[in-house]
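Me: Can you walk me through some packing details here? Keep it short.

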Amino acid sequence: MTSETYRAVLTRRSFLDTCAAGIGTLGLAQLMGLEGILAATASGGAAPQPHFAPKAKNLIFLFMAGAPSQMDLFDPKPGLQKWHGQPLPPSMTADLKLAFIKPTAKVLASPRSFSQCGQSRTEISDYLPNLQRVADDICLVRSMQTDQVNHHPGQSMLMSGSPLVGRPTIGSWLSYGLGSESQNLPGFVVLSSGRGASGGSSNFSSGFLPSIHGGVPFRKTGDPILFLSNPAGVSRESQRLTLETLGKLNSEHLQRAGDPQIASRMANYELAFRMQASAPELIDFADESQATKDSYGVDEEPTSAYGTNCLMARRMVERGVRVVMLIHASWDDHTNLDEGLKKNCDITDKPVAALVEDLKQRGLLDETLVVWGGEFGRTSLGQLKHVGDKVGRDHHPNGYSMWLAGGGIQGGQVVGSTDELALKVEEDPVHVHDLQATILHLMGLDHERLTYRHMGRDFRLTDVSGNVVDRMLA
């Protein structure tokens with residue numbers, strides 16, 4: 001720090017100390033006043049606004065961690081049959097990025113059957129019979145690409161635009177750029193099922209953004225968040241007085257230190273207090289009809305856990321939660337592909353289709369963007385980890401499938417294609433950064449203008465690349 005900078009800091013701090021009473025009172029009133037909480041930490045006091053009129057108000061990201069096999073679910077490749085059980089010529093495999101197998105591995109054709117679904121005639125696997133019903137509502141992208149071939153950096157790339165851990169994730173960028181519409185719930189909520197994603201909390205971290213924008217994991221039983229309830233003997237009135245006193249002390253500290261994390265801490269305390277009343281109601285499905293619960297499969301196996309999460313996601317966007325991420329893991333089928341894939345499809349297919357149909361029936365799909373997919377795809381080459389194992393597939397970043405629905409998306413179409421052996425993209429490549437730019441665009445944000453200065457430069461979700469995919473848009 002130069003002497004000039006040091007004197008400037010001293011001058012600012014002296015001014016704030018002199019005016020502590022007035023500024024502290026104003027700051028506390030803003031931080032503890034409903035939506036002023038996010039405005040103060042996100043944009044220096046001004047309420048966050050979209051760059052242009054958004055098509056979607058909310059995002060539900062159905063994150064299938066572990067990488068589902070695209071040629072077994074969304075991208076049929078009958079051409080693999082003639083190569084089944086044989087290695088491909090070196091000329092075909094020269095540019096493959098492989099995590100575990102060698103390019104000499106044998107081709108594995110898919111045993112799945114595909115149906116042409118809806119008026120769009122979109123081909124979807126027999127493992128997803130419920131999703132087949134909503135084929136005309138989804139935009140299926142068969143030409144996804146990423147730079148990463150392993151799970152943790154691949155998940156980080158999908159969520160934060162960088163393979164490096166510590167960057168803000170897409171839910172945090174949306175919270176930072178748009179704020180929250182909910183007064184009593186976080187702007188970014190995370191629901192998990194299955195084994196857990198290898199990227200862990202880095203998939204919903206706020207990174208270097210103020211921590212108020214980080215994803216908040218919710219539990220399905222008991223308190224939605226640990227320690228949300230007051231301890232025995234602590235009344236709500238007593239807690240309110242304690243929070244107000246703590247707020248005054250933190251406000252004074254904020255004026256002296258100027259650390260935005262203090263403002264985030266104050267906002268989080270206040271939000272937690274309001275959540276004590278709203279969060280338990282969120283997971284109480286007493287006001288949902290039995291038909292609705294049955295459609296999601298909340299009272300049956302194997303759909304109960306994921307169906308509950310999907311129904312909660314709909315209830316959250318109804319209550320103004322900006323981003324809901326549903327993490328289901330793991331789709332990492334290096335062996336026992338048929339069994340593992342069927343298990344995860346049986347868990348998720350019915351609830352996902354119900355979510356799309358429920359949002360549409362309630363008039364929410366037009367303003368809610370739904371995204372389904374994993375960090376990369378799987379190879380058309382088979383993999384065996386051990387002698388006697390049933391065959392699986394390795395990681396494949398060069399061409400895989402994801403889909404989007406609602407919120408400004410043109411449903412009933414397929415974007416892009418891969419070659420007949422599913423080795424690489426042939427038409428309309430969509431990089432992860434292009435997907436991120438498109439999601440932000442639908443939410444009313446220009447991915448090149450949504451930036452945050454950190455360590456002397458402006459960062460953004462799409463790094464230094466990315467283009468909006470106009471073909472996806474309605």
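**Aromatics and helix packing**

Reply: One aromatic cluster is formed by W173, Y176, F208, Y452 and F459. Rings of Phe, Tyr and Trp (its six-membered ring) pair if their centres lie within 6.5 Å; planes under 30 degrees apart are stacked, over 60 edge-to-face and the rest tilted.

Me: What kind of model is it, and how are residues numbered?

Reply: This is a predicted model, where local features need pLDDT of at least 70 and side-chain atom pairs count only at pLDDT 80 or more, while totals for chains, interfaces and linings use all residues. Residues are numbered from 1 along each chain as its sequence is written, and side-chain values use heavy atoms, with hydrogens and water left out.

Me: How many aromatic pairs in the whole structure?

Reply: The search finds 8 aromatic pairs. In one of them, W331 and W372 sit edge-to-face, 6.0 Å centre to centre with 80° between the planes.

Me: Where are W331 and W372 in the chain?

Reply: W331 is in the loop between β7 (323-329) and α12 (337-361), and W372 is in strand β8 (residues 368-373). They are 41 residues apart, so the pair links distant parts of the chain. Helices (H or I, at least four residues) and strands (E, at least two) are DSSP runs, numbered from the N terminus.

Me: Is W331 buried or exposed?

Reply: W331 is buried, at 1% relative accessible area. Buried means under 20%, exposed over 50%, and partly exposed in between (1.4 Å probe, protein chains only). W372 is buried as well, at 4%.

Me: Which ring does W372 stack with?

Reply: W403. The centres are 6.4 Å apart and the planes 10°. W403 lies in strand β11 (residues 400-405), 31 residues from W372. W403 is buried at 0%.

Me: New topic. How do α6 and α13 pack?

Reply: Helix α6 (residues 151-160) and helix α13 (residues 432-442) pack at about 30°, with axes 8 Å apart. Axes are lines fitted to C-alpha atoms, for helices over the stretch in contact, and angles run from 0 to 180 degrees between N-to-C directions. That makes α6 roughly parallel to α13 (under 35 degrees; over 145 is roughly antiparallel, 65 to 115 roughly perpendicular, the rest oblique).

Me: Which residues meet?

Reply: M157, L158, M159 and S160 of α6 meet V432, H433, L435 and Q436 of α13. Contact means heavy atoms within 4.5 Å.

Me: And the cysteines: how many disulfides?

Reply: The count is 0 disulfides, taking one as a pair of cysteine sulfur atoms within 2.5 Å. C310 is buried at 0% relative accessibility, and C345 is buried at 1%.
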